[in-house]
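I opened the model to look up its surface patches and its sheet. My notes follow.

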Amino acid sequence: MIPKYTIEYTTQLRKHKQANHYSTDDPVACEEFVEELLERQLAIQAIKHEGVDLPKPAFDRLVKNAAGMLASKHICASLGIKPEEEKFRFGFAA
């Protein structure tokens with residue numbers, strides 16, 4: 001059975017690149033994994049839904065949502081505020 005979401009990404013260890021993939025059926029877990037890839041600055045090669053590359057608008061929306069989650073976490077940590085206050089003041093979704 002094909003997983004709903006597959007993320008293909010690359011890690012680089014000094015001079016060696018290694019292709020990896022992560023699969024899940026949970027859209028929230030997929031978004032959280034993209035957030036972690038952004039945090040670690042790992043190259044995202046593709047995001048697939050049921051074996052097919054996501055269309056560019058859907059890909060961009062997923063990356064944008066993950067980036068917003070990451071920004072929210074950083075703002076909360078840096079300012080020592082709760083996610084509710086961050087959302088009210090800055091508008092990112094936690």
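A patch takes residues with over 30% relative accessible area and no salt bridge; like charges are joined within 9 Å, and nonpolar side chains (Val, Leu, Ile, Met, Phe, Trp, Tyr) within 5 Å. The model is predicted: local features need pLDDT of at least 70, side-chain atom pairs count only at pLDDT 80 or more, and totals for chains, interfaces and linings use all residues. Residues are numbered from 1 along each chain as its sequence is written, and side-chain values use heavy atoms, with hydrogens and water left out.

**Charge.** I found a surface patch of negative charge formed by Asp25, Asp26, Glu32 and Glu50. Asp and Glu count as negative. A salt bridge would be a side-chain nitrogen of Lys or Arg within 4 Å of a carboxyl oxygen of Asp or Glu. I placed Glu32 in helix H1, residues 27–39. Glu32 is partly exposed at 43% relative accessibility (buried is under 20%, exposed over 50%, partly exposed in between, with a 1.4 Å probe and protein chains only).

**Nonpolar surface.** I noted a nonpolar patch of about 260 Å², made by Leu79, Phe90 and Phe92. Phe90 belongs to helix H3, residues 83–90. Its relative accessible area is 38%, so Phe90 is partly exposed.

**Sheet.** I traced an open sheet of 4 strands in the order S2-S1-S3-S4, paired antiparallel. Strands S2 (16–24) and S4 (52–53) are at the edges; each has a single partner strand, so one side of each lacks a neighbour in the sheet. Strands are DSSP runs (E, at least two residues), and helices are runs of H or I, at least four residues. Two strands pair if DSSP finds at least two bridges between them. S3 (residues 43–49) and S4 run antiparallel, joined by 2 bridges. His49 stands opposite Val52 in S4.

Conventions: Areas by Shrake-Rupley, 256 points an atom, 1.4 Å probe, with all protein chains shown as cover. Charge placed at Lys NZ, Arg CZ, Asp CG, Glu CD.
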